[in-house]
Each structure stands twice: as C-alpha cells, then as structure tokens.
Amino acid sequence: MAKYLLSVVQPTGGVPEPEALDRIMVDVRAVDDAMREAGAWVFAAGLHSPDTATTLRPTVTGDVLVTDGPYVETKEHLGGFTVIEVPDLDAALEWGRRLGVAVTLPIEVRPLREG
C-alpha cells in the first residue's frame, strides 16, 4: 500500500455562490465517506486563502525572514488536500478523479515519500 496526496488546485479569488458551494460540499462528503468505507481515507483538510499565509525564508546567515502572504503570487493555489492509502497509482487516480468531479476543480495526485 502506498500513500498519495490529492491536492485541490483552486483558483485565487472568490468562492462559488452558496447554492453551488452547498452542492459541492455534499458531493465531497460523499466521496470522503466512500474513501472511508473503502479503507483508503487517511486525512483531509481545507485551507484558508493564501493571503492568510506567513512565509519563512531562511537566509545564508542563518536568520529567517518572515513575510506575510504566500511564497509566490499565483492565479491558483492549494485549496485543500486529502491523503489516501491505496494499492497503486491507478487506485489513487480513480479517487482523484472522483474528488475532482465532486469539487469541480483540478486535482493533483502525487505519491508521498515515506521514511
């Protein structure tokens, strides 16, 4: 079994209208429940918007520069993630597909390094 990170790629900006967001959340909960029932779900969380981030940049002198905001300004950001444990990449891609349909956003599927 291998662990995979399913990253939700979210556009920077506003959120969907309440009616659309409510439907998305119902669909995401259904996928999360299916992952749990299949024994694939490990952990999931949504993230606040990038403007709530604090970035720490180590310098060559050993100091750390602290700045408000994300590391880089982009049109897309990590909006949330799910960690799953499945037998192989094909299974991870299927869960990623199902999650992408539920959230109506792109999903990046990436294996986790362990150890």
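Six salt bridges are counted in the structure, a salt bridge being defined as a side-chain nitrogen of Lys or Arg within 4 Å of a carboxyl oxygen of Asp or Glu. The structure is a predicted model, in which local features require pLDDT of at least 70 and side-chain atom pairs count only at pLDDT 80 or more, while totals for chains, interfaces and linings use all residues. Residues are numbered from 1 along each chain as its sequence is written, and side-chain values use heavy atoms, with hydrogens and water left out.

One of these salt bridges joins the side chains of Glu114 and Lys3, with an N to O distance of 3.6 Å. This pair links distant parts of the chain, since Glu114 lies in the segment after E6 and Lys3 in strand E1 (residues 2–11), 111 residues apart. Helices (H or I, at least four residues) and strands (E, at least two) are DSSP runs, numbered from the N terminus. Glu114 is exposed, with a relative accessible area of 53%; the classes are buried under 20%, exposed over 50% and partly exposed in between (1.4 Å probe, protein chains only).

Two further pairs lie within helices. In helix H1, Asp27 and Arg23 are four residues apart, about one turn of the helix, and their side chains form a salt bridge at 2.6 Å, N to O. Asp27 is partly exposed at a relative accessible area of 25%, and Arg23 is likewise partly exposed at 49%. The side chains of Arg97 and Glu94 meet at 2.7 Å, N to O, in a salt bridge. Because Arg97 and Glu94 are three residues apart in helix H2 (residues 89–103), about one helical turn separates them. Salt bridges that share partners also join Lys3, Glu85 and Glu114 into one network.

Four strands form an open sheet in the order E2-E5-E1-E6, with antiparallel pairing; strands are taken to pair if DSSP finds at least two bridges between them. Strand E2 (41–46) and strand E6 (107–111) are the edge strands, each pairing on one side only. E2 runs antiparallel to strand E5 (residues 76–86), to which five bridges join it, and Gly46 stands opposite Gly80 in E5.

Leu21 belongs to helix H1 (residues 18–38) and is partly exposed, with a relative accessible area of 31%.
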